[in-house]
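Subject: Structure handover

Hello,

Here is the structure for your own work. My notes come after it.

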Amino acid sequence: MIRKVGFGFVLVTALIVAACGRQVTPNPPGIGAGGLSPGYMSIKFDVAGNLDFTTYRYFIVFNTTDNGVTPLTNPIQTNWKGYSYAIEVGGNGSAASATAYEYLQPNCTCTPAYLPLITTPQQLQFNPNSNGSGSEFSVIFQRNIFNGYTTTPTPSAGPTAGATPTPTPNPNGTPTPAPITQNWRFNAFTTQPNVNAVLTYVDSLGAGGPTDTTFVSPVLNVNTSFDNVYYALSSGLQIDPPAQITSIEIANNP
């Protein structure tokens, strides 16, 4: 009898301890971190106030080249080396949407074209209020949407011009899109809406917020499963709450 009671106590204790964790039961077969299907990544983007998709644009920029460069707020000075692909979120009022883009740079020291990538609703899923409080949106996307253009845009409208450049054949040969390696780097930005091809940063994950050039991105090995939260280092700055990034959470299922 004592043995039975002891076993029951241990079993109940184990269940209580398990319930205190993030996940009581493992993911179903084929479903990985964040409840994602294989080949997908998710992003949860949190700000200090209610998201304002009209006044601001919210970016998650990835460097997929494994060249060690973090996307920062000085892309012109670095010749956009940290900018490979991006998810941009914005809109008018409640009509917000998420769009995937490629930064396609010809073989020169010049501003890259900012080209929207064609996706299906299954490949790019957007929830404008994923926490129910109005301060978080989430995006789930299939990583292979970052497959790159095979033509050179002419003329380049710039990465924030509003107008979409039209890709045309490149007489000097097809440029190579940013390679997709297993090690990605990233940054998150809040910007003002695009005006005259100028990107005006309002906040970033770095300690300097809109002018930060010190943030060093953790490496995202997309061949592994992970679910991590990254907190912004600029929370002490006086930034409009809807623009002030508090954290982003990135999950991945290889």
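The notes below go from the whole chain to single residues.

This is a predicted model, in which local features need pLDDT of at least 70 and side-chain atom pairs count only at pLDDT 80 or more, while totals for chains, interfaces and linings use all residues. Residues are numbered from 1 along each chain as its sequence is written, and side-chain values use heavy atoms, with hydrogens and water left out.

Overall

The chain has 1 helix and 14 strands; these are DSSP runs numbered from the N terminus, with helices being H or I of at least four residues and strands E of at least two. Of the 254 residues, 43% are buried. Buried means under 20% relative accessible area, exposed over 50%, and partly exposed in between, with a 1.4 Å probe and protein chains only. Among contacts (heavy atoms within 4.5 Å) with a separation of 6 or more, 68% are between residues 24 or more positions apart.

Salt bridge

The count is 1 salt bridge, defined as a side-chain nitrogen of Lys or Arg within 4 Å of a carboxyl oxygen of Asp or Glu. Asp66 and Arg185 form a salt bridge, with 3.3 Å between the closest N and O atoms. Asp66 sits in the loop between β2 (57–63) and β3 (85–92) and Arg185 in strand β10 (residues 183–191), so the pair ties together parts 119 residues apart in sequence. Asp66 is partly exposed at 37% relative accessible area, whereas Arg185 is buried at 15%.

Backbone and pocket

Most residues other than glycine have a negative phi. Asp66, not a glycine, has a positive phi of about 60 degrees. Trp80 also has a positive phi of about 60 degrees and is found in the loop between β2 and β3. Trp80 is buried, at 7% relative accessibility.

Trp80 is also one of the residues nearest the centre of the second largest pocket, together with Tyr83, Tyr103, Gln105 and Ala178. A pocket here is found on a 1 Å grid over the protein atoms alone, as an open set of points where a 1.4 Å probe fits, with protein on both sides within 12 Å along at least five of seven lines; lining residues have an atom within 4 Å of a point. The space in this second largest pocket is about 220 Å³, taken as the space filled by probe spheres set on the points, with grid points joined across faces, edges and corners. Its lining of 15 residues has 8 nonpolar, 5 polar and 2 charged residues. Ala, Val, Leu, Ile, Met, Phe, Trp, Tyr, Cys and Pro count as nonpolar, Asp, Glu, Lys and Arg as charged, and the others, Gly among them, as polar.

Ser135 lies in the loop between β6 (124–127) and β7 (136–142) and is buried at 15%. Beyond four places in sequence, Ser135 touches residues including Phe45, Asp46 and Asn129.

Ser138 is in strand β7 and is buried at 13% relative accessibility. Beyond four places in sequence, the residues touched by Ser138 include Ile43, Lys44 and Gln125.

Ser225 is in the loop between β12 (220–221) and β13 (226–231) and is partly exposed at 48%. Leaving aside neighbours within four places in sequence, Ser225 is in contact with Ala33, Asn252 and Pro254. Ser225 and Gly34 are 9.4 Å apart, C-alpha to C-alpha, and 191 residues apart in sequence.

Regards
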